[in-house]
Amino acid sequence: MDGGTEQDGYLTSGLARDPATGRTYPVKDGYLDLLGRRTGADNVANLTNFLPGAGRSYEPLWRRRSLTLLTGRKFANEQELVKIRDLVRVERGGLYLDLGCSAGLYSRGLAASLGDRGDVLGIDISPSMLKEAARRTRALRPGAVPSLARADAEALPFADGAFAGAVCGGSLNEFGDPARVLRETRRVLAPGGRIAIMGLLRAASPRGRRLQRFLSTGGIRFFEEAQVTSLLDHAGFDPDPLEVHNVVFFAGATRR
C-alpha cells in the first residue's frame, strides 16, 4: 500500500501497488478498484446496479425476502447460507471467491465461518454495491472480514489455482457470458476446488414465463436444469445433482 486512510480499523482509501508491474490501483469506499473507468457491464440489468441507492436498498428491500418470494415458502438468508457453505465445503485456511457479490451477503457468511483461519474476496462491478458491502462488513468482528474488489468475473485478474472455492448468489443469471465466467472460475480454482451457485430456472407457469420474458429484455437469463449442468460440465467441473425449489436452484460442482 502507498499510504491509506482507515476508519474504525478498516482501510477505506489509498493506493495498492502491484509488485510485479508497479502499477497502482485505488482503494476507495473500502474496496480495491481494478476496473477504473471500465463499467464491466454487459446489459441493462447490470447497469441498474450502478444507480444511486442501489446498493443501500438491495438487501433490505429485496435480498432478505427474495428466496421466500421465489420459492413460495419461508426461506431465510441463514438457511441459504448454510446450503452454500455446505456445497462449497468450506475448510479453514482456504481462500474463497464470491462472484458478483452485490452487497456482500455470501462474502460475510463465508467470512464468519472461516474467522481468522481463511479469507474471502468478494468481487462485483458495481461501485454502489461494493460501497454497501464495505459498510456492512464494518459491523463484523475483526478477523472475520471479507476483502472486496471491483473486478470483472468474465476476466478474473487472479492467478491460476489461487482459490480453494467459489460461490455465486444469483449473479450467474445476470452475467453476459456465464460460460466464460465458469471457465474463468475453474482456472482460478485449485484442483478439486468447489463452486456453489444459487440461481434461477425458467418458470413452469404461463404467468411466470411472461414475467421472465419481460426481465430477459434487460439481459437477465433463466436456465433449464440441463443447461446448468451442461455449463458446469463444459467449463471443466463435475456437477452434483441440482437441488431445486420452484424456480430457485442450488448447484455444487468440483473442478476437474
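**Helix contact and aromatic pairs in a predicted model**

In this predicted model, helix H2 (residues 54-63) and helix H6 (residues 127-137) have axes that come within 7 Å and cross at roughly 65°.

Q: Which residues make the contact of H2 with H6?
A: H2 contributes Ala 54, Gly 55, Arg 56, Tyr 58, Glu 59 and Pro 60, and H6 contributes Ser 128, Met 129, Glu 132, Arg 135 and Arg 136. These residues divide into five charged, four nonpolar and two polar.

Q: Why is the pair of Phe 75 and Phe 250 called stacked?
A: Planes under 30 degrees apart count as stacked. The ring centres of Phe 75 and Phe 250 are 5.9 Å apart and the planes are at 15°, so the pair is stacked. Phe 75 is in the loop between helix H3 (66-71) and helix H4 (77-88), while Phe 250 is in strand S12 (residues 248-255), 175 residues apart, so the pair links distant parts of the chain.

Q: What makes Phe 158 and Phe 163 an edge-to-face pair?
A: The cut-off for edge-to-face is over 60 degrees between planes. Phe 158 and Phe 163 have 75° between the planes and 5.3 Å centre to centre, and the pair is edge-to-face. Both residues are buried.

Q: Why do Phe 75 and Phe 250 count as buried?
A: Buried means under 20% relative accessible area. Phe 75 has 0% relative accessibility and therefore counts as buried; Phe 250 has 1%, so Phe 250 is buried.

Q: Which residue lies over the face of Phe 250?
A: Lys 83 does, at 6.0 Å from the ring centre.

Terms used. Residues are numbered from 1 along each chain as its sequence is written. This is a predicted model: local features need pLDDT of at least 70, side-chain atom pairs count only at pLDDT 80 or more; totals for chains, interfaces and linings use all residues. Side-chain values use heavy atoms; hydrogens and water are left out. Rings of Phe, Tyr and Trp (its six-membered ring) pair if their centres lie within 6.5 Å; planes under 30 degrees apart count as stacked, over 60 as edge-to-face and the rest as tilted. Helices (H or I, at least four residues) and strands (E, at least two) are DSSP runs, numbered from the N terminus. Buried means under 20% relative accessible area, exposed over 50%, partly exposed in between (1.4 Å probe, protein chains only). A charge sits over a ring if NZ of Lys or CZ of Arg is within 6 Å of the ring centre and within 35 degrees of the ring normal. Axes are lines fitted to C-alpha atoms, for helices over the stretch in contact, and angles run from 0 to 180 degrees between N-to-C directions. Contact means heavy atoms within 4.5 Å. Ala, Val, Leu, Ile, Met, Phe, Trp, Tyr, Cys and Pro count as nonpolar, Asp, Glu, Lys and Arg as charged, and the others, Gly among them, as polar.
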